[in-house]
Amino acid sequence: MSAHANLPPLDPDVASAVATERSSARGPNRAQRGRLRARLAATLAVSAAAATSAPAAGAMLGGGLAKPAALIVAIALGTGAAVGIYRAARSPGAGEAEATRTELAPGTSDPAGPAIPTWVLERQLVQEARAALAEGRDLWALERLDEHARRFSAGLLVEEREALRVQALVDLGRLQEAHAAASRFIGTYPASVHRDGVQRALPPPAEPAEGPGPRRGSRR
Amino acid sequence: MDMALAVLHANGAPPSFEAVYERELEAVWRYVRRLGVAERDIEDLVHDTFVVAHRRYDAFDGAAPPRPWLFGIAFRVVAHYHRRARVRGECLAGDDEDLVADPQEGPEAALESKRATDRLQVALGTLPFEQRAVFVLHDIEERSMPEIVTMLQVPASTLYSRLRLARERLARIFRGWRTGGDRP
C-alpha cells in the first residue's frame, strides 16, 4: 500500500523516548487500585441490583446473578453487603469525587444484608448522573440516565431524570434532541419545579429568521 | 497474561469480566494516560471505560483478545473527554507537574529517563488527538494497523496518513531539541 510505503521511520530520539516510555510507564498505585475497585464495585452493584429488582444484598452476592458484577462485588468485599459497597466508595480514601457521587449509605445497616430499597437505587443513578454532569462527563451522565430509564421507567425520579437529560443533551451538543426532550418534558410536567431550569439549559435560538421554532418557549 | 487468556479460550470458556479487569487494568490505565488525560482524571476515565465494557461484555466475542476491544472503548471515552475540554477551554496537559524539563541540564540517569518520557509527553501534547491516538497505538502500544482500524473504525489509509503526520511532527520537535532549539 502506498500510504504504508510513505511512512517515515521513527526519528531515533523519538524511538528512544518511546522505548523508555514503554519500559517505565506506571500503572495505578495501590491507593488508586483500591479506590477504583471500590467505585467500580459500587457502580456495577447498583446496575446489577436494579436489574434484579433490588434483591437482598446477601442474595446478590450469593451467586444468584448471571451478570459478572457479582464477581467483582464478591471479590472486592468478601461477604459484605451492598451497603458496605457504598461505604467502601465513601471511605476517607475514596477521594472527593465520591463524596458527591454517592451519599446513600443507609444510616443504620445490618451487615448481614438488608434489602436495598428501590428508591435508593433510583437515587444513586440520578445522583451519579448529576455528579457526572457537574464534572463535564456528559456521555456518562446520559448513560446513567438511560440506565435509570431502563430500570425504572415509572420510577419516583422520572421527572428529575428527564430534566437532567435535557441538560446532558445540550452539553453534548445534541441540540435537536435536547429541544425535543425539553418540549416533551414541559408537555408532561407543565408545573414542574425544574421547568425553568430546563428552559434555561437550552441555548438561545441562533437564527430567528430561519428557525420555525414552534416549540421554543419563552426563556429566563 | 495474554497466554493465560488464550488457555481459557482454548477451553471454550470466555474469561470472566473480573479476570479481564485484573489482567487489563494496567494496560488500560497506561493507554488512557498516553492519550493525554490529566493525571487527576485518569481514574475517572478508566472507571467509565470498564463500566461501559461491563455493560457490553455479553456482546464481546470471548474468543478475541480483550485488549483491543477495551482500547476501542477507552478511545471513545477519552475522545469525548478531550472534546469536552476543548469546548470548556480547559488545559489538560502539563497541569500536574512541570513536564517541560530543560533538555540542557542534569546528568543523572533517572532524571534523564524521566526527561525522555516527559519530552515525549510534551511533544505528543502538540499533536491533534486523532494523530496522537494512532501514534500511541501503533508506535507505543505496538498494535497492528488492522487492529487499529477495528479499534478506531477509521480506514487504514487515513490512519497511515495520520501516523505519517505524527511521526514527522515529533521528529521536527525532537530535532529542535537536539540542536538546542526552543521548546515546542
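Predicted model: local features only at pLDDT ≥ 70, side-chain atom pairs only at ≥ 80, totals over all residues.

Searching the whole structure gives 10 aromatic pairs over all chains. Let me begin with B:Phe17 and B:Tyr57, whose ring centres are 5.4 Å apart and whose planes stand at 75°, so this pair is edge-to-face. B:Phe17 belongs to helix α2 of chain B, while B:Tyr57 sits in the loop between α3 and α4 of chain B, so the pair ties together parts that are 40 residues apart in sequence. Are these two buried or exposed? B:Phe17 has a relative accessibility of 1% and counts as buried, and B:Tyr57, with a relative accessible area of 10%, is buried as well. Both residues also belong to one aromatic cluster, together with B:Tyr21, B:Phe50, B:Phe60 and B:Trp69.

Now to another pair, B:Phe174 and B:Trp177, which is edge-to-face, with 5.0 Å from centre to centre and 80° between the planes. These two residues lie 3 residues apart in helix α8 of chain B, so about one helical turn separates them, and both of them are buried.

Let us stay with that helix for a moment. α8(B) has 23 residues and reaches 32 Å from its first C-alpha to its last, which is close to the 33 Å expected at 1.5 Å a residue. Its buried residues include B:Leu159, B:Leu163, B:Arg167 and B:Leu170. Just after α8(B) comes B:Gly180, which takes a positive phi of about 75°.

Note on methods. Residues numbered from 1 in each chain as written. Chains lettered and ligands numbered in written order. Heavy atoms only, no water. Phe/Tyr/Trp six-rings, centres within 6.5 Å; stacked < 30°, edge-to-face > 60°. Helix = DSSP H or I, 4+ residues; strand = E, 2+ residues; numbered from the N terminus. Buried < 20%, exposed > 50% of the residue type's maximum accessible area, 1.4 Å probe, protein only. Expected span 1.5 Å × (residues − 1).
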